[in-house]
Amino acid sequence: MSSSKNDTTIDSISFKNLRRLYLFALLTIALTVLVSQFILQYNLNRQLSDSKIINTSGKQRMLSQKLTKELLILHAATDPSKVELEKKRIDSILNKWKFNHNTLVYGNEKLGFPEEKSALLNKLYQSIQPNFEAIIAASHQYLQIKKNEQNPEKLQQLITIILDNERIFLTKMNQIVEQYDQEALEKVTLQSKTEYGILLFTLLVLVLEFLFIFKPTNKKIEILISKLLTSERKALKLAYNTEVLSEIKENSVKELKSLNYAMENTLLYCRVAPNGTLIHIGEKFSKLLHYNKSTTEQRFSQVLTASEKEQHSIDRIIAEKHRSGWQGEISFTSKEDTTIWLDLSMVPVTIKKGASELLIICFDITERKKAQQEVERLNIESSEAKINQQKIISSKIIENQENEQNRIAKEIHDGIGQMLTGLKFSLESINLDDKEKTSQKMEYLKQLSLDIIKGVRTATFNLMPPELSDHGIVSSLSKLCQELSKLTGKSIVFYNKSQFEQRLDSLTEINIYRLSQEAINNAIKYADSTHIIVQLSHSTSILSITIDDNGKGFDLQSVEKKRNSSSGMGLVFMQERIQYINGRIFINSIPGEGTRITFNIPI
């Protein structure tokens, strides 16, 4: 009797310890989630303004070059109405440029721009300030002198000051944008490392809880059940001793109530006969399956699912593993036609000699499985989208190649071919006896030969300009601007601002030439621009080419969404080509004000 009381006391203490361990495990998981969310939200809040700052600093470069472009247009303008219009544009650009510069340097609480910056950024802004102020002062002085139409030499001197400082400003602004980009990348990298750290810590907590809480708990429950069954056998042997039987029953009832309360409210469990018939099901498990406990003589598989195929699979597991036990994951379709996943443990328990039953303990892992399936689905969709995108790009490339070949064939057939045919017939019609007509035809044949040579040169220039292979990218871009300016009648000007003279490898030069050609052609075809400025500058590590136009501009986001359109695929081709030579492309366009495209290529 004394031994029974001690066992009951020990089991009660063990159960309380189990509850405390469960509470500790849940609190640990909740605390981990809260701390991880706090850290993630803190890091995300630090990155909210990064995109706006990088965008504004990128616009500063565009506005500085746009200011220079407008001043050059004003310098060349003679029509008074156009002069006044250009002055208003320049005043607007100056105000916007100064506002953005002050916002970046001193911060703006309303726009979410921080006042505090890294030491390197402060140093860069201090370095760029003299050039900024020099451009502002020279621009205002130029407008004042231009207003009175006096001192042309002074105007030219001011233009030179603006161009010199604008080149330095652009180079330093590129360094500032790259520094902002680097700092944003460092924040994202830190965020990624933090997330991985939190994930590893969470997994470690779960593994430790499984090893030191859930697994030992499962074993203790088995021990408790075994002790209860042993107590029941002892009670039957002491049936004649009323006092002992009553005391043992009372203790057994208490233990059963405690165990039943724990299992009913914290576990998905049930008891099943070796033939698969349901003996008892816990309250929580019953609610999950929407099972009516008044129903009798039902198999466990029938309670789980109405699908005969799934019932057969569950019955087979019970029939094969009712002696050795089983542990694994199963899925089934509930009565509400939803899929439920369970992590199921099947433990054989001996009730008495020759009689046994199965204790089934489950954990609902449906949400985890849904999350895994969703991740797999998103990965498949992402892969399919990338494949489709590559197919579209490949088909467009083939289509462009076919169009270019057809154009060259048509140009040769309609131009050079017809002129050669005319040359042949003219040669055949020469009569050496008629010297006067022969002399006239010889002059005609000379002019026709010159036209054929010109046509051949034009065709070969479109295929591969000789300047590119002979003299390099600077000469070929200058020639491209001259030729397109003659053909279209538009003002297309090329500036080698930093006097770049290096030769690059042929693959890089070809891609730079094609990128510039594509950007200029887009400005001619789609932008309705009258002035296009192509500027080339370089630093020790970067070659920068900027194409500005004063056309109608466009909304970059809406164009990027139209990936299958001509303009959308044009941007895709430029991005693919610039990535091929490890470069970067920056596109800034304002509807109604024009477009700037900048290519940065490592050298």
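Q: Okay, leaving aside its neighbours within four places in sequence, which residues is C270 in contact with?
A: Just so you know, this is a predicted model. Setting aside residues within four places in sequence, C270 is in contact with L278, H280, I281, F285, F300, L358, L359 and I360.

Q: And where is the place of C270?
A: You'll find C270 in strand β1, which covers residues 268-272.

Q: Does C270 count as buried or exposed?
A: Buried, because its relative accessibility is 0%, and the cut-off for buried is under 20%.

Q: What separates the C-alpha atoms of C270 and C362?
A: A gap of 8.9 Å, though C270 and C362 are 92 residues apart along the chain.

Q: Switching to helices. How do α2 and α3 pack?
A: Helix α2 (residues 50-76) packs with helix α3 (residues 80-106) at an angle of about 155°, and their axes are 9 Å apart. Since angles over 145 degrees count that way, α2 is roughly antiparallel to α3. The contact of α2 with α3 has 12 nonpolar, six polar and six charged residues.

Q: Which residues in α2 meet α3?
A: Quite a list! Among them are I53, L63, L67 and L74 from α2, and the α3 side includes V83, I90, W97 and L104. Q60 in α2 is another one of them.

Q: Tell me about Q60 then. What does Q60 touch, not counting residues up to four places away in sequence?
A: Q60 touches K96, W97, N100, H101, L104, F169 and M173. Q60 also counts as buried, because its relative accessibility is 0%.

Q: How do the axes of α2 and α5 cross?
A: At roughly 165°, coming within 9 Å, with α5 spanning residues 152-237. That angle makes α2 roughly antiparallel to α5. By class, the contact of α2 with α5 has 14 nonpolar, nine polar and five charged residues.

Q: And which hand is the crossing where α2 passes α5, left or right?
A: Left-handed. The way α2 passes α3 is a left-handed crossing too.

Q: New topic: sheets. In what order do the five strands of the open sheet come?
A: The order is β6-β7-β8-β10-β9, with mixed pairing. The edges are β6 and β9 (584-590), and each of those pairs on one side only. On average, neighbouring strands are turned by 10° against each other, ignoring direction.

Q: Mixed how? In what sense do β6 and β7 pair?
A: Parallel, over six bridges, with β7 being residues 531-538. One spot to look at is V493, which stands opposite I533 in β7. By contrast, β7 and β8 (residues 542-549) run antiparallel and are joined by seven bridges. There, I532 has D549 in β8 as its bridge partner.

Q: Which side chains along β6 are buried?
A: I492, F494 and N496, which point to one face of β6 (residues 491-496).

Q: Which strands does helix α13 lie across?
A: Helix α13 (residues 473-488) lies across β6, β7 and β8, and runs at about 165° to β6.

Q: Last one: where does S516 lie?
A: S516 is in helix α14, residues 506-525. Apart from neighbours within four places in sequence, S516 is in contact with L477, I545 and F599. S516 counts as buried because its relative accessibility is 0%.

Definitions and conventions. Residues are numbered from 1 along each chain as its sequence is written. This is a predicted model: local features need pLDDT of at least 70, side-chain atom pairs count only at pLDDT 80 or more; totals for chains, interfaces and linings use all residues. Side-chain values use heavy atoms; hydrogens and water are left out. Helices (H or I, at least four residues) and strands (E, at least two) are DSSP runs, numbered from the N terminus. Buried means under 20% relative accessible area, exposed over 50%, partly exposed in between (1.4 Å probe, protein chains only). Contact means heavy atoms within 4.5 Å. Axes are lines fitted to C-alpha atoms, for helices over the stretch in contact, and angles run from 0 to 180 degrees between N-to-C directions. Angles under 35 degrees count as roughly parallel, over 145 as roughly antiparallel, 65 to 115 as roughly perpendicular and the rest as oblique. A crossing is left-handed if the near helix is turned anticlockwise from the far one by less than a right angle, and right-handed if clockwise. Ala, Val, Leu, Ile, Met, Phe, Trp, Tyr, Cys and Pro count as nonpolar, Asp, Glu, Lys and Arg as charged, and the others, Gly among them, as polar. Two strands pair if DSSP finds at least two bridges between them.
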